[in-house]
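Open the model in your viewer and follow the stops below. Each one says what to select and what is there.

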Amino acid sequence: MQLTNETTLFMQKAIYFVSKPIAARGMLELTDRCLHFQVFPFDASFGIKSVSIDVCSITDVSIEHGDLHPRIVVVADKRYEFVLSKGRELYDRLREITKNPLWPR
C-alpha cells in the first residue's frame, strides 16, 4: 500500500464513514508520514475513494466508544471517522504523533 519509502507504524482492517449513511471497508495504515485508508475493491466499485491524510495536517484526534469497536475521529482538513478493533492502539499512536512537535516529518 505504501507509495514511498514510508515506515508502517500500524495497519489493520477498518471501516471508514464517508458520510452518515455511507461507510466503506478497507485497510487502514498509519505510516511515519500519512494515515492511508485503502478502500477494498467491492466498495470502490460504488465510487468510494481511498483517503490519505498527512500526519502534519492532523489537528485533533479523539476516541468514542462504539457498540462493538471504538470509533476514532481524526480532524485535519475535515472530519474522518474510522471504526476498528484495535482503535485504542491507533488512537494512542496518533496522539503521540500530534503531541510531539519533533516527530519526523
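How many helices and strands does the secondary structure of the chain come to? The chain has 2 helices and 7 strands. Helices (H or I, at least four residues) and strands (E, at least two) are DSSP runs, numbered from the N terminus.

Before moving on, note the ground rules. This is a predicted model, in which local features need pLDDT of at least 70 and side-chain atom pairs count only at pLDDT 80 or more, while totals for chains, interfaces and linings use all residues. Residues are numbered from 1 along each chain as its sequence is written, and side-chain values use heavy atoms, with hydrogens and water left out.

**Whole chain**

Colour by secondary structure. Along the sequence the pattern reads β-β-β-α-β-β-β-β-α. The radius of gyration is 13 Å, close to the 13 Å that the globule rule gives for 105 residues, so the chain is as compact as a globular protein of that length. That radius is taken over C-alpha atoms, and the rule is 2.2 Å times the number of residues to the power 0.38. The C-alpha trace spans about 40 × 30 × 25 Å along its principal axes.

Of the 105 residues, 40% are buried (buried means under 20% relative accessible area, with a 1.4 Å probe and protein chains only). Contacts (heavy atoms within 4.5 Å) come next. Among those with a separation of 6 or more, 38% join residues 24 or more positions apart.

**The core**

Select Phe-37, Ile-53, Ile-72, Val-74, Phe-82 and Leu-90. Of the 26 residues in the largest nonpolar core, these touch the most other members. Such a core is a set of buried Ala, Val, Leu, Ile, Met, Phe, Trp, Tyr and Cys residues joined through side-chain atoms within 4.5 Å. Elements that give two or more residues to this core include β1 (8-17), β3 (34-39), β6 (71-75) and α2 (87-99). The largest share, 4 residues, comes from α2.

Zoom in on Phe-37. Beyond its neighbours within four places in sequence, Phe-37 contacts residues including Ala-14, Tyr-16, Met-27, Leu-28, Val-51 and Phe-82.

**Val-73**

Now go to strand β6 and pick Val-73. Is Val-73 buried or exposed? Val-73 is buried, with a relative accessible area of 1%. Leaving aside neighbours within four places in sequence, its contacts are Asp-60, Val-61, Ser-62, Glu-64, Arg-79, Tyr-80 and Glu-81.

Last stop: draw a C-alpha to C-alpha distance from Val-73 to Asn-100. The two are 27 residues apart in sequence and 19 Å apart in space.

Note on methods
Buried < 20%, exposed > 50% of the residue type's maximum accessible area, 1.4 Å probe, protein only.
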